[in-house]
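My notes follow in the order in which I made the checks.

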Amino acid sequence: MTQETVVRRSEPAPVAPPDPGRAVGLRVAGVDKVYPTRRGEVHALSGIDLDIGAGEFVSLVGRSGCGKTTLLRVLSGLLAPTRGTVEAGGRSAWVGGRRDDAVFAEFGLVFQEANLFPWFTVVDNVALPLKLRGVSRGDRRARAIELCATVGLTGFEDSYPRELSGGMRQRAAIARALACDPSVLLMDEPFGALDAMTRDRMNLELQQIHAVSGATVVFVTHSISEAVFLADRVVLLTPRPGRIRSITPVDLPRPRAAEVEATAGFGELVVALRRELDQED
Ligand SMILES: Nc1ncnc2c1ncn2[C@@H]1O[C@H](COP(=O)(O)OP(=O)(O)OP(=O)(O)O)[C@@H](O)[C@H]1O
């Protein structure tokens, strides 16, 4: 059995001011993605235009198959758009299907599966991106230990992934994504496989990590309430082809405690977004 390490709390602790110099904004213009398949073309994204501010937290929601993962993969440099451009901090990231690797090297990625190396300890997993960049052993261990503390894994630095719970493994994956001080953090359903209580706790912690790191975050989720809780804006995609249906600002004050979900303002946003989704039926 493993145990969660982070103290339960309903009030987020105060956070250090973010480093505004590091984050960059993203500009997506006219992005289409067409997958050629044996049964014809699948228009996964069509005419996506989206500006995301430096340090902003944007949630992507929508029905299964509406193109959330496709858009995130385009933003992370893993998938070339069929048409359109992506800029990060004013630099071209994707133009005409060509990518600038240097731009994407500054991004951190977190997926639904933690994808840790089972034969490495937590600290070695977290430090791996630093090792790949040639950071000295001592420096990368010190930084990885610091990041373990940021994500609530102090005391588990020398554990192996199999000795951690699902939530702890995701924390390690987030710490690894933060290792290179990313300007942009792209997260594809990072808490989708976790139980509801752990997920709530991870949402509180992610809010704090976002505030401390100052990174721009794009977060894919199936959960409307998770999207609203975390985001500055919620982008709702609609399928066949994947288009932006609406962009909803979330003006709830930060830091947000778990209790915000019981407020009228939160409830109204969730209901309005659910209604929009239902209209697609
Ligand atoms: N590699 C691929 N080849 C062909 N079609 C694909 C491929 N990947 C995704 N698609 C199609 O593109 C569309 C968008 O898929 P995508 O995975 O981006 O949606 P999603 O909103 O992330 O879905 P989910 O919420 O179920 O994860 C779907 O119709 C899907 O079938």
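**Entry 1: Arg-171**

I began with Arg-171 and, leaving aside its neighbours within four places in sequence, I found Arg-171 in contact with Val-151, Gly-152 and Leu-153; two residues are in contact if their C-beta atoms, placed from the backbone, lie within 7 Å. I note here that this is a predicted model, in which local features need pLDDT of at least 70 and side-chain atom pairs count only at pLDDT 80 or more, while totals for chains, interfaces and linings use all residues. Residues are numbered from 1 along each chain as its sequence is written.

Arg-171 lies in helix 5, where helices (H or I, at least four residues) and strands (E, at least two) are DSSP runs numbered from the N terminus. Is Arg-171 buried or exposed? Arg-171 counts as buried because 30 C-beta neighbours lie inside 10 Å; the rule is that a residue is buried if 20 or more other C-beta atoms lie within 10 Å of its own, exposed if 12 or fewer, and partly exposed in between, with C-beta atoms placed from the backbone. I also looked up Phe-191, 20 residues away along the chain, and the C-alpha atoms of the pair are separated by 9.9 Å.

**Entry 2**

In helix 3 (residues 122-132) I listed Val-122, Val-123, Asn-125, Val-126, Ala-127 and Leu-130 as buried. The cover over these buried residues includes helix 4 (137-150) and helix 5 (166-178). After helix 3 comes Gly-134, whose phi is positive, near 80°.

The loop between strand 7 (107-110) and helix 3 holds Phe-117, which is exposed because it has 12 other C-beta atoms within 10 Å. Asn-115 lies in the loop between strand 7 and helix 3, and its phi is near 50°, a positive value in a residue other than glycine. Asn-115 counts as partly exposed because it has 13 C-beta neighbours inside 10 Å.

**Entry 3: the ligand shell and its sheet**

Which residues are closest to the ligand? I found 13 residues around the ligand, the closest being Tyr-35, Ala-44, Ser-64, Thr-69 and Thr-70, where a residue is near a molecule or strand if its C-beta atom, placed from the backbone, lies within 6 Å of it. Strand 1 (26-37), strand 2 (40-52) and helix 1 (68-75) are the elements that give two or more residues to this shell, and helix 1 supplies the largest share, three residues. By type, the shell divides into four nonpolar, eight polar and one charged; Ala, Val, Leu, Ile, Met, Phe, Trp, Tyr, Cys and Pro count as nonpolar, Asp, Glu, Lys and Arg as charged, and the others, Gly among them, as polar.

Strand 1 and strand 2 pair in the antiparallel sense over nine bridges, given that two strands pair if DSSP finds at least two bridges between them. An open sheet of five strands runs in the order 2-1-4-5-6, with antiparallel pairing; its edge strands are strand 2 and strand 6 (98-99), each pairing on one side only.

**Entry 4: the hairpin and the cis bonds**

Strand 10 (residues 233-238) and strand 11 (residues 243-249) run antiparallel and are joined by six bridges. They form a hairpin with four residues between them, and Arg-240 in the turn has a positive phi of about 50°. A cis peptide bond joins Arg-240 and Pro-241, with omega about -10°. I found another cis bond from Arg-254 to Pro-255, with omega near -5°, and Pro-255 is placed in the loop between strand 11 and helix 8 (264-278).

**Entry 5: the whole chain**

The protein chain has eight helices and eleven strands, and buried residues make up 39% of its 281 residues. I compared its radius of gyration, 19 Å, with the value near 19 Å for a compact globule of 281 residues, and the two agree; the radius is taken over C-alpha atoms, and the globule rule is 2.2 Å times the number of residues to the power 0.38.
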